[in-house]
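Keep the sequence and the model in view while reading.

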There are 2 protein chains.
Amino acid sequence: MAPNAKEVSASGSLDGEHAFANITYEMQKGDSGVWTFTTPVLPSEFYRYHFTVDGVRTVDPANAHAIRDVGNISNVFLIGGGKADLYKVNDVPHGTVAYRWYNSPGNGMMRRLSVYTPPGYENSTAKFPVLYLFHGVGGDEEAWLGSGRASEIMDNLIAQGKAEPMIVVMTNGNVSQEAAPGEGIQGFVKPTFMLPHTMDGKFEETFIDVMKFIESNYRTPATKESRAIAGLSMGGFHTANISLYYPNTFDYVGLFSSALGVRPMNNNPSPVYQNQDEKLKQQMENGYKLYWMGMGVDDMPMIYNGNKNFREKMDSIGMKYEYVESKGGHTWNNWRDYLSIFAQRLFK
Amino acid sequence: MAPNAKEVSASGSLDGEHAFANITYEMQKGDSGVWTFTTPVLPSEFYRYHFTVDGVRTVDPANAHAIRDVGNISNVFLIGGGKADLYKVNDVPHGTVAYRWYNSPGNGMMRRLSVYTPPGYENSTAKFPVLYLFHGVGGDEEAWLGSGRASEIMDNLIAQGKAEPMIVVMTNGNVSQEAAPGEGIQGFVKPTFMLPHTMDGKFEETFIDVMKFIESNYRTPATKESRAIAGLSMGGFHTANISLYYPNTFDYVGLFSSALGVRPMNNNPSPVYQNQDEKLKQQMENGYKLYWMGMGVDDMPMIYNGNKNFREKMDSIGMKYEYVESKGGHTWNNWRDYLSIFAQRLFK
């Protein structure tokens, strides 16, 4: 309803064809002052959109449901009846989501992380395996819960018997900040993409602080076979590096549209990036149960080719992995999919 | 930045005088297409605002920090150097915030609540007292954490030695829904003010389910002297009624702008509302440590007078209470203040 506006558009992936793109659709003004745009029947998915009113990006005043992704707030809706049923809150047992603060001596600060514990965790004495799950550049410890629907995906897969009950730890991979924007002592800062210490090795070096906290605060076997690690984009880069830098620690490794190739690892002075060829060979020799990679066919060439080069390196030494190439590019649609696939393969 | 817009305004309490009102301020268009409005120096407070662009309510595209309150999304900012320092994330030990699901047989469903546990809870064997903290009509289990800054207030008061470490349980007082809009099986429903079972006694009748869950899942003495109950508006109404309906259960009762007088309790068939005069006398005879009431002088007459009548009833039987009247009306500014005051009085 914008009787005084001259131009209104909707942006998102609302035409049923480009399920992974952000496209702007002009809206038409009706006599009553209501602007409309009619989508075709849309496939089942978790959708994000926003309006632009006379040149100003805005949320839909008729939809109270919105998510912040880096610095933008977008509205969301969900169409079920297909894959997005995994992303819904269904009438199944729900796990707990907790925001906790842990001591990171390596960063000289207390830091915030999110922990999903599976249904029944609190009323049990059993030990549960752990999936460490990392966000991309510009994200934070809330990204996998908001855009990624991680707690809904885990609840639903566990209820269907498709995933083992597990703890999921969602860290903040930007070690120059202790918490998501607005949740730390820096206050309501403007979220940005490239913070100090982004992809310089510091997150990987200090990841031991996260593991120590989790393994002393949660009931988990703390063995290689009970640890999985995965991440999207920058988080996939973190995942690859952590699985190299902490040898023989993870039986399951998942790279989702991993930002391999974005930084020349060998030019970085961090010990994380030294002798990676030798470390990779050692990782292969130590063995693991699953090294899984997902990639959108339309991802950025730097990322697509960086992963291709990495797979060729693995091929050259005979290192096993599974590779899934999906439609679309560097999007949450793919990452929700990859988590849904990867989680079903863990701890079995 | 809205070069194509014809009219832009900012709404909030941005003139330094009306710290509790929602006022609309016209903005002026500059040559560059940037619209401006300059506030005077504003007092320390947690502020909420939104823009209106050519008649359409919108968020500030330059501010990624926003909170949903019932059906509206507003931007927020905080000015420190005064009372709002209590509402900031400071460099102090932080408690944990967890979203948990509990079984409510009285409502035939699993329901979601928020729990704040104080710093050190997880690495201790001590028992902690519990404050049950209720939202107003249209709110949910996220309201006290978002608009109410409850976890920041508790962290800061505990760090300053002004409040005892305590567990704070924030329920969803709308028993027709299992969780906040978007967090339950109803999906991304439109938040509304009056849902089925709003203030009909059902929340109070089934509150035993909440207490049972908390007292079997958290380390707490489960005694009268370790239980406090408080709420704002509808939550203050719930608080008054629960403290009557569960006799001799709470040593601390807090009514924040309580919606007394909104519904004629005696015409409601729920057992919660029967014989309230007798129950009140019994509550007085059983004794308690603190019955605290806060009220804004500009609150709605129905609520202001409803509380006046209730205090007169307490006076008439010689029942003790403390009453604080503050500036402004039915606003989160007052409720954050009331929580800050009330929490310091508990469990000492």
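## Ground rules

A salt bridge is a side-chain nitrogen of Lys or Arg within 4 Å of a carboxyl oxygen of Asp or Glu. The structure holds 34 of them over all chains.

This is a predicted model: local features need pLDDT of at least 70, side-chain atom pairs count only at pLDDT 80 or more, and totals for chains, interfaces and linings use all residues. Residues are numbered from 1 along each chain as its sequence is written, chains are lettered from A and ligands numbered from 1 in the order in which they are written, and side-chain values use heavy atoms, with hydrogens and water left out.

## Salt bridges within chains

Start with R48(A) and D69(A). Their side chains form a salt bridge, 2.8 Å from N to O. R48(A) sits in strand β5 (residues 45-53) and D69(A) in strand β7 (residues 66-69) of chain A, so the pair ties together parts 21 residues apart in sequence. Helices (H or I, at least four residues) and strands (E, at least two) are DSSP runs, numbered from the N terminus. R48(A) is partly exposed at 36% relative accessibility, and D69(A) is partly exposed at 23%. The scale runs from buried (under 20% relative accessible area) through partly exposed to exposed (over 50%), with a 1.4 Å probe and protein chains only.

In chain B, R68(B) meets D140(B) in a salt bridge of 2.9 Å, N to O. R68(B) is in strand β7 of chain B, and D140(B) is in the loop between β11 (130-134) and α1 (143-146), 72 residues apart. D140(B) is buried, with a relative accessible area of 4%.

## Where the chains meet

Contact means heavy atoms within 4.5 Å. By that rule, 50 residues of chain B touch 50 residues of chain A. The two chains bury about 3,900 Å² between them, 61% of it on carbon and sulfur atoms. Buried area is the accessible area (1.4 Å probe) that two parts lose on being put together, summed over both. A64(B), H65(B) and F188(B) supply 17% of the area that chain B buries against chain A, more than any other three residues.

There are 2 salt bridges between chain B and chain A.

## Strands across the interface

Strand β9 (residues 96-104) of chain A pairs with β9(B) in the antiparallel sense, over 3 bridges. Two strands pair if DSSP finds at least two bridges between them. V97(A) has Y99(B) as its bridge partner in β9(B).
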